[in-house]
Amino acid sequence: MARVVVSGALLQGKAPQVVQKHFDRFITTAVLFLEREVKVRTPQGVYGAQGGLLGSIKADIAGRGTPLVRGAVFTAHSYGEVVEKGRRPGRGMPPKGTLLRWIEMKFGLGREEAERIEFVVRRKIGQKGFEGAHMFEKAYKENLPQLQRMAQAEGLAIVGELSRE
């Protein structure tokens with residue numbers, strides 16, 4: 001999360017509008033950039049790129065034109081957090097039915113065979129857990145220098161535009 005406090009000369013003349021324009025542009029560019037970076041790092045499930053978790057990752061920007069502009073990259077899928085953070089061993093089994101399609105695709109089984117082995121797979125995941133993909137965390141951490149460069153570029157654009165006044 002970033003917070004920008006505007007004071008002094010930036011509150012006079014057309015400066016507030018210039019700052020807001022460039023701040024809005026930075027937030028928009030940064031959020032769309034991070035959305036792409038998260039998607040690149042997201043494991044493709046049984047539905048591939050068309051559906052599932054990858055298809056659910058979205059960017060949202062609220063408050064453009066106001067001092068409270070905010071951007072977010074998120075997923076609405078209930079299992080998004082589990083894929084991001086992983087699952088610790090001993091946390092219980094995944095809910096019944098949630099792995100059927102994955103089992104069918106992963107093992108090349110029909111529905112009946114998948115239903116027969118689902119319990120065993122769920123139990124093993126409950127016992128052993130699994131490592132998370134950390135796609136949101138990695139997208140942010142690995143691209144922090146790029147985000148800083150983007151912010152600096154907008155800051156220089158503000159200075160350049162205000163110096164022409």
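The largest nonpolar core here has eleven residues: Phe23, Phe26, Ile27, Ala30, Val31, Phe33, Leu34, Ile61, Val69, Leu147 and Met150. Keep in mind that this is a predicted model. Two elements, α1 (15-41) and α6 (135-163), each give two or more residues to this core. Helix α1 supplies the largest share, with seven residues. In soluble globular proteins, nonpolar side chains tend to be buried together.

Take Phe33, one of those core residues. Setting aside residues up to four places away in sequence, Phe33 touches Asn143, Gln146, Leu147 and Met150.

There is also a second, separate core of seven residues. Among them are Leu53, Ile57, Val83 and Ala133.

Now to α5. This helix covers residues 111-128, 18 residues in total. From first C-alpha to last, α5 reaches 25 Å, close to the 26 Å expected at 1.5 Å a residue. Where does α5 bend? At Ile117, by about 45°.

Which residues of α5 are buried? They are Ala114, Glu118, Val121, Arg122, Ile125 and Gly126. Their cover includes β3 (86-87), α4 (100-107) and β4 (130-131). After α5 comes Gly129, with a positive phi near 70°.

Last, the rings. The structure holds one aromatic pair. The ring centres of Trp102 and Phe107 are 6.1 Å apart and their planes stand at 85°, so this pair is edge-to-face. Trp102 is partly exposed, at 33% relative accessible area. Phe107 is partly exposed too, at 45%.

How values were computed
Residues numbered from 1 in each chain as written. Predicted model: local features only at pLDDT ≥ 70, side-chain atom pairs only at ≥ 80, totals over all residues. Heavy atoms only, no water. Phe/Tyr/Trp six-rings, centres within 6.5 Å; stacked < 30°, edge-to-face > 60°. Buried < 20%, exposed > 50% of the residue type's maximum accessible area, 1.4 Å probe, protein only. Core = buried A, V, L, I, M, F, W, Y, C linked by side-chain atoms within 4.5 Å. Helix = DSSP H or I, 4+ residues; strand = E, 2+ residues; numbered from the N terminus. Contact = heavy atoms within 4.5 Å. Expected span 1.5 Å × (residues − 1). Bend = angle between axes of the 7 residues up to and from the residue.
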